[in-house]
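Please look over the sequence and the structure before reading on.

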Amino acid sequence: MMTLLIEFLGCKVNSYEVEAVAQDFFNHGFRLFDEKVDTFPSVVIINTCAVTETSVTKDKKMIRHYKKIYPEAVLCVMGCYSQYKGEYILNSLGADIVIGTSNRSKLYSLYEEFISNKKKVYLHDENNKITNYEDMHVNKFLFNTRAYVKIQDGCNNFCTYCLIPYIRGRSRSREKEDIVSEIKRLINNGHKEIVLTGVDMSSYGLDLKVKTTFSDLLEYILVNVHELYRLRISSLEESLLDDKFLSLLAKYDSLANHLHIPLQSGSKEVVKRMNRKYDLESFKEKVKRIRELRKGISITTDVIVGFPGESEENFLETFNSCKEINFSKIHVFPYSDREGTIASKMKDKISPEVKKERVHRLLDLSNELEENYSKNFYDQEIEFLFEEYDPKLKAYKGHSSNYLECFVSSDTSLQGQVKKVIYTKENALHFWQCQKWKVSI
């Protein structure tokens with residue numbers, strides 16, 4: 001039987017896309033590669049990321065790795081990096097089939113074509129000509145207990161540091177009826193948590209014949225999917241936090257008690273140079289309103305450190321804004337130049353040493369905020385959805401609605417199950433290095 005090995009780097013959108021492509025191969029008789037019993041996979045599919053230079057380095061390393069250890073396999077590479085540097089991946093890294101950020105639904109037929117004539121395939125669409133959402137579907141996720149549902153592709157924002165609009169093209173939205181149908185299938189196949197994801201969800205619905213906002217979509221899902229245990233949103237721009245969204249947050253307990261709202265910078269000067277379309281005071285006011293509606297909600301964020309021209313004063317504005325907003329966690333990214341972006345041509349670049357020092361200061365703040373948030377829930381009984389088993393810790397990892405992480409050892413499988421657990425310092429993720437534990441549930 002033909003076997004398939006799949007890998008992806010980057011975001012939840014990439015996870016969704018590679019699962020959808022793999023499903024097409026399984027429908028044609030493939031099974032998942034098992035290194036314990038199989039000599040080599042028939043096909044390797046890698047979905048790449050190009051959001052940072054670090055991502056690109058990982059892409060190249062992964063492509064070279066699988067080309068070296070499984071030279072007999074048909075190596076297929078897709079995604080943002082292959083849209084960006086497709087010819088290089090084909091000619092220098094040795095891939096057999098390269099597609100970009102479209103044509104993913106054609107990958108199986110391209111594989112058949114390659115098997116037939118042994119000619120390498122490079123299928124590339126100019127992103128400004130991609131006008132329709134590419135239909136892709138997933139019935140069940142192979143590697144995740146939580147299921148991602150992609151609602152749109154492309155981006156209209158053009159932040160000065162980001163390549164994504166140039167790589168994935170303009171925003172294209174998926175019809176809400178199709179989204180709900182997929183959510184119902186995933187729930188029927190055992191997934192208890194659904195995560196809505198997209199490249200630029202703030203633009204959802206603007207291109208549809210019947211204009212629809214993200215909040216309209218959210219309401220449609222919540223009204224029509226009664227079996228929903230938990231609905232999580234992967235990332236929300238501040239502009240999506242409109243009155244309708246806030247009313248849904250107050251009304252539906254099935255909406256996860258966690259929102260990830262990217263800040264990127266707390267300095268008005270830097271925000272302007274980034275071409276981020278929000279006002280810092282409005283951001284703070286909306287977070288305040290959310291906390292009034294949802295007790296104990298976790299609000300996390302992304303911050304880019306060392307953007308060109310970021311002074312120490314600018315950085316301190318960001319640092320103090322994060323502290324004032326009191327995020328429960330900060331994902332910190334050092335700025336890196338992306339060829340082709342406006343920011344890459346800006347002057348006053350920040351030295352690697354200064355960026356590194358600022359990253360560590362912000363990470364220290366994040367650790368402090370995360371620990372302070374977690375303390376609020378110690379010794380409380382909390383419901384966790386357990387996702388995976390960690391063989392090193394000999395324990396199952398679970399997440400609560402507000403995205404607390406908990407490890408629990410059990411003699412029977414907890415994967416995919418919802419259990420109430422007394423959440424303590426000992427079973428919280430941040431402290432797993434300190435000691436071993438066993439919790440009765």
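The points below cover the whole protein and then one of its residues.

This is a predicted model, in which local features need pLDDT of at least 70 and side-chain atom pairs count only at pLDDT 80 or more, while totals for chains, interfaces and linings use all residues. Residues are numbered from 1 along each chain as its sequence is written, and side-chain values use heavy atoms, with hydrogens and water left out.

**Overall form**
- The protein has 12 helices and 17 strands (DSSP runs numbered from the N terminus: helices are H or I with at least four residues, strands are E with at least two).
- The C-alpha trace spans about 60 × 60 × 50 Å along its principal axes.

**Burial and contacts**
- Of the 441 residues, 54% count as buried (under 20% relative accessible area, with a 1.4 Å probe and protein chains only).
- Among contacts (heavy atoms within 4.5 Å) between residues at least 6 apart in sequence, 72% join residues at least 24 apart.

**Thr-301**
- Thr-301 belongs to strand E12, which covers residues 298–305.
- Thr-301 is buried, because its relative accessible area is 0%.
- The side chain of Thr-301 reaches the backbone oxygen of Ile-261 at 2.6 Å.
- Leaving aside residues up to four places away in sequence, Thr-301 touches His-260, Ile-261, Pro-262, Leu-263, Phe-327, Lys-329, Ile-330 and His-331.

Note on methods
Buried means under 20% relative accessible area, exposed over 50%, partly exposed in between (1.4 Å probe, protein chains only). A polar contact is a pair of N or O atoms within 3.5 Å; within protein, one must be able to donate a hydrogen and the other to accept it, and residues adjacent in sequence count only if both atoms are side-chain atoms.
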